[in-house]
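User: I would like to go through this structure step by step. Could we begin with the chain as a whole and then turn to its parts?

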Amino acid sequence: MAWKTTRRLMAALYLAAARHAVADAIETSVPRAQAMLIKEDLGDGIFVFRAPEALDVWTSTNTVVVINDEDVVVFDSCTRAVTAKAVIAEIRKLTPKPVRALINSHWHQDHWSGNDEFAKAFPGLRIISSEQTRDYMKRMAPRFFVRGLEIQDQKDREELAAAIKTGKLADGKPLTPEIRKSKEEDLALRDAFVAEVLALPRVLPNVVYRDEMSFWSGQREFRLMSVTGDATGSTVLYLPGQKVLVTGDVLVSPEDGNGPPPWTTNSYSVTPWLETLQRLNALDLAAIVPGQGPTMKDKAYLRRTIELFAAVIDQVHAALERGVIGLEQVQAAVNVDQIGRAYAPGASLDGFHQWVATFSKKAMQESLDGAVRDK
Ligand SMILES: [Zn+2]
């Protein structure tokens with residue numbers, strides 16, 4: 001009895017310590033978040049702040065800060081309030097000028113969750129997005145952004161409870177104290193993130209445009225284009241004077257820039273996405289800031305991604321035209337390993353194969369007006 005009580009007490013203490021550690025991780029202080037941001041200086045008053053996944057929890061996302069003669073323009077407002085506060089603190093270190101315009105590239109939560117912090121810090125702020133993006137945002141209750149996490153949480157919690165009962169995981173392997181600790185920490189971190197997202201005030205854009213929009217600050221021109229990327233109605237920003245393109249998630253690389261695109265899209269508009277990339281490739285560019293990953297100083301990654309998208313779409317079309325019917329067979333007919341390897345020579349293609357399978361399905365859905373057969 002004493003032993004059992006001790007063990008229970010130890011487990012409770014242990015869990016409390018684990019929760020404390022993750023609570024620390026989620027309740028990141030602004031100075032700590034500032035220290036975690038990766039800053040890039042592109043010259044001409046243009047800065048990129050890259051939030052690592054260790055800070056953002058959800059993903060790692062880039063914010064661009066453009067300091068003009070009299071004001072500041074910001075592109076995308078981070079995943080978490082603390083990240084947005086850290087970027088604002090960095091802006092104040094760079095300049096006393098106010099942020100007058102904030103552009104939201106698309107509706108995914110890692111690109112506009114700091115709108116509230118920017119609006120509080122800079123009264124009269126104009127928040128700009130495409131009309132379509134604002135429409136999506138206004139229909140998305142806060143829970144929309146975490147429902148998937150909550151469902152996963154419930155499933156993981158039930159699985160862990162069963163594993164604790166039997167001492168075995170679902171695959172029959174033993175539940176070691178290390179595995180249990182790691183699972184409990186993951187659950188606690190997810191809970192804390194969900195609670196944070198649900199408590200976040202959602203501030204919508206107050207300026208919208210269709211197709212294209214330009215504005216000037218001093219001599220600097222800001223050209224916005226509504227395009228298709230990993231979200232429909234995404235905005236990219238082009239600074240013609242500086243030849244800088246800011247893509248949001250129309251173009252993404254892994255966090256370290258090393259490898260093929262890490263994710264695809266919710267929709268199956270893959271050909272419009274490819275056409276967007278081709279349109280961007282026609283611009284005169286000195287630098288490309290992707291939605292995630294380091295700034296690119298040439299078009300190599302963009303062109304390789306165009307090649308990749310085009311190859312998958314072509315191979316899916318060819319398979320369907322040969323009479324292949326089922327999804328698995330279409331996926332098996334697509335082989336773009338050579339392009340995948342060219343992104344990161346020597347790297348494993350495991351994650352890439354998953355990406356190719358998903359993108360192939362989307363290309364198939366697009367080709368068949370959504371009418372995909374599994375077999
Ligand atoms: Zn996105």
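**The chain as a whole**

Analyst: Of the 375 residues of the protein chain, 37% count as buried. Please keep in mind that this is a predicted model.

User: How many helices and strands are there in the protein chain?

Analyst: The protein chain holds 13 helices and 12 strands.

User: What radius of gyration does the protein chain have, and what would a compact globule have?

Analyst: The protein chain has a radius of gyration of 23 Å. A compact globule with 375 residues would be near 21 Å, so the two values agree. Along the principal axes, the C-alpha atoms fill a box of roughly 80 × 60 × 40 Å.

User: And which share of the contacts joins residues at least 24 apart?

Analyst: Among contacts between residues at least 6 apart in sequence, that share is 68%.

User: Now the sheet with E8 in it. What is the order of its strands?

Analyst: The order is E8-E9-E10-E11-E12, in an open sheet of 5 strands with mixed pairing. Strand E8 (212–217) and strand E12 (287–289) each have a single partner strand, so they stand at the edges and one side of each has no neighbour in the sheet. On average, neighbouring strands of this sheet are turned by 20° against each other, direction ignored.

User: In which sense do E9 and E10 pair?

Analyst: Strand E9 (residues 220–227) pairs with strand E10 (residues 234–239) in the antiparallel sense, over 5 bridges. Arg223 stands opposite Tyr238 in E10.

User: What about E1 and E2, how many residues lie between them in the hairpin?

Analyst: There are 2 residues between E1 and E2 in this hairpin, and Asp44 in the turn has a positive phi of about 55°. Strand E1 (residues 38–43) and strand E2 (residues 46–50) are antiparallel, with 5 bridges. Ile38 has Arg50 in E2 as its bridge partner.

User: Finally, how many residues does H8 have, and which of its residues are buried?

Analyst: Helix H8 (residues 177–199) has 23 residues. From its first C-alpha to its last, H8 reaches 33 Å, close to the 33 Å expected at 1.5 Å a residue. Arg190, Phe193 and Val197 are buried in H8.

Terms used: Residues numbered from 1 in each chain as written. Predicted model: local features only at pLDDT ≥ 70, side-chain atom pairs only at ≥ 80, totals over all residues. Helix = DSSP H or I, 4+ residues; strand = E, 2+ residues; numbered from the N terminus. Expected span 1.5 Å × (residues − 1). Buried ≥ 20, exposed ≤ 12 C-beta atoms within 10 Å, placed from the backbone. Pairing = 2+ DSSP bridges. Axes fitted to C-alpha atoms, helices over the stretch in contact; angles between N-to-C directions. Rg over C-alpha atoms; globule rule 2.2 N^0.38 Å. Contact = placed C-beta atoms within 7 Å.
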